[in-house]
Amino acid sequence: MSAHQGLATAYVHAGVVQISVANLIVIALMLVVFILALVLPFPHSRDVEAEDDHDQH
Amino acid sequence: MTSTDRRKGNWTARLGRRLDNAVPPGRRLPDRQPAYVRSWIYVFGVATLAALLFVLASGFALAIGGTTWWHTSAVGHFLNSVHLWSVELFFVCMTIHLWGKFAMAAWRGGRALTWITGAVAFVGSIGTAFTGYLSQTNFDSQWISTQAKDGLNAVGIGAFFNVLNPGQMLLWHIVLLPSVLGVLVVLHVILVRRKGVVPPIDAEPPARELPSRPLESRPAVPSTPAETPTRRQP
Amino acid sequence: MNAAKTRRDKTPDAHLFPTRPYDLVKEFVIAVVVIGLLTFLLAGIFSSPDKKSISLAQWAQNAPADVVATAVGELAGTTTSATYGPPYNNASTGQKLGPLSLQKWAGVRQPVNSANDFVIRPLHDVSAADPALRAALTQWTGASSQQQTAWAQRYADLLARRPNAYLAGPARLGFGPVPIIATRYLALARTGALQSLIAGKSAFYTSNLTEPLLLLADGAYLEDVARTDHLGGDQWGMMNETGNYPGQPWMWLYTFWYQIKPFSTSGNADALVWGLMMALTAVFVFVPFIPGLRSVPRWIKLYKLVWRRD
């Protein structure tokens, strides 16, 4: 892999793939956020009720 | 003719019933969700909607000044930046939402149309963004239009959808495509509310205990509009 | 039973499961606030790119040899627009998607005659006070198309060897009126009047810039500028934006095909890539009905993270 620093833009080359650093950051952030969304605990109420008395969802 | 027959023939009553049953009462703005809705992955649908609001609002504001306003006005340029970044956030949230929904196989339980409306909205969003790029009235528009024309011309679409015509492209961007997208988004959200959030893969609801009051005294709430109240969803 | 579901889909009704309080409206408001803050923060810090458009006058100012070569190419009928085919002309039958000649079937809906629309007619419109130009145009329009092509092609070959040859004095015989037409054309482009002469015609309002854009794209300058920003097709340009900004990462699969054979070496690349992407889009839209693909979530087991018991 090589990074080319132009006058104003940076690109990463890997074989036939060329991607801007800006795009790479966006994609990397998306993957990180996706993984965090899956693993971080979600705050929730312990007040669980059976469905019987409600049709509120 | 009985009064019931007269109501059946009444288009207004029939439309009213259809609209009521699209999302049955109790499911429109419920204050409870299934206990399995307990993950941060679930927020990306609403985050996408929130981003879309800012896309529309900033687009609305840009329309006030016109297509070239943002080149010479600092306020216009800032609104253009808001439009750009809300679009980026829209696509980021929508894609993460898509990844999550695929991982959950969220089309199960009769939710194929929810998936389809979402997928078509995704593709439609790309098309809407594309016409937006063509409406920037700067170098980007010149380059993107002269390149994209080749793909569209190659399959005959370019003969009618002329990307080199900014007047046409602008109207597709601000009128035609957002309208279609809006309808898809509304349908998508209605379907989510109507069906409820998809249960986990292989989950079974807990066995019912003896009811605290007889079933007959409860109001009959149909699980889907077309079915009778006592029929379970298969 | 819902007829749309398969026999094997035993997904229970979501409304049969235990519930807990959940505030959808509060969630929506929080999402609006968070997304709003993020949007305004990003807009305030990073702004947005606005690379100025290239006017035909700027093209003439920055790349005069390119303007001259392009004008001569239009006269010779060798430029991209002159040889394009539908929807602009019948110079070629266009691309095919397998046996389907979609480009040809759509027909010539935006007729363009590159030599006349881009070069001859605009020059004619400003030739009233220029006898030498009028004579050159008369000589051109009075010649047979074979003679016109021979003159223009010969001059184009000279310019290919010596791009600044147009700066030399009167050209030797064999090029006909082409050298005068070319140098007058450059002068006209420099005035800034060329675009309205091409696009404006007799209409006051015009929102259709097909012809000036085709002319600009016939030259090399537009692409040269684009390539400095990595916007070229073989640079994955479809994904990129001018400057150091994120572009359109979601276009990754569309532009990927152009980078590899057989697409990268095919004359039908655009049609083939479009067809392939339409097929893949259909697969994406109809995932719920595709056996195997709709079972992938079960195999990759990411759902276990979503629905784990804490």
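**View 1. Packing of helix 3 of chain C with helix 5 of chain C.** Helix 3, which spans residues 64–76 of chain C, packs on helix 5, residues 114–125 of that chain, at an angle of about 135° and with the axes 8 Å apart. Helix 3 of chain C brings Ala71(C), Glu74(C) and Leu75(C) to the contact, while helix 5 of chain C brings Ser114(C), Ala115(C), Phe118(C) and Val119(C). Sorted by class, the residues of this contact are five nonpolar, one polar and one charged.

**View 2. Packing of helix 6 of chain B with helix 8 of chain B.** The crossing of helix 6 of chain B and helix 8 of chain B is left-handed. The residues through which these helices touch comprise 16 nonpolar, eleven polar and one charged.

**View 3. The contact between chain B and chain C.** Chain B contributes 82 residues to this contact, and chain C contributes 82 residues. On the side of chain B that touches chain C, at least two residues come from each of strand 1 (32–34), helix 3 (43–65), helix 5 (74–103), helix 6 (112–134), helix 7 (139–154) and helix 8 (166–195) of chain B. Helix 5 of chain B gives the most to that side, with 14 residues. The side of chain B that touches chain C consists, by class, of 47 nonpolar, 26 polar and nine charged residues.

**View 4. Strand pairing between chain B and chain C.** Strand 1 of chain B pairs with strand 1 of chain C, residues 19–21, in the antiparallel sense and over three bridges. Within this pairing, Gln33(B) has Arg20(C), in strand 1 of chain C, as its bridge partner.

**View 5. The hairpin of strand 2 and strand 3 of chain A.** Strand 2 (residues 10–14) of chain A runs antiparallel to strand 3 (residues 17–20) of chain A, and four bridges join them. Tyr11(A) has Ser20(A), in strand 3 of chain A, as its bridge partner. Two residues lie between the strands of this hairpin, in which Gly15(A) takes a positive phi near 65°.

**View 6. Confidence along chain A and chain C.** For the complex, the predictor gives an ipTM of 0.93 and a pTM of 0.89. Chain A has a mean pLDDT of 77, with 72% of its residues at 70 or more, whereas chain C averages 92, with 95% of its residues scoring at least 70. Within chain A, confidence is lowest in strand 1 (residues 2–5), at a mean of 42, and highest in helix 1 (residues 21–39), at 94. Residues 1–8 of chain A stay under 50 in pLDDT, and the model has twelve contacts beyond four places in sequence for them. Residues 1–5 of chain C also stay under 50, with seven contacts beyond four places in sequence. Where pLDDT is low, the predicted coordinates should not be read in detail.

Key:
Residues numbered from 1 in each chain as written. Chains lettered and ligands numbered in written order. Predicted model: local features only at pLDDT ≥ 70, side-chain atom pairs only at ≥ 80, totals over all residues. Contact = placed C-beta atoms within 7 Å. Nonpolar A, V, L, I, M, F, W, Y, C, P; charged D, E, K, R; others polar. Pairing = 2+ DSSP bridges. Left-handed = near helix turned anticlockwise from the far one by under 90°. pLDDT = per-residue confidence, 0-100. Axes fitted to C-alpha atoms, helices over the stretch in contact; angles between N-to-C directions.
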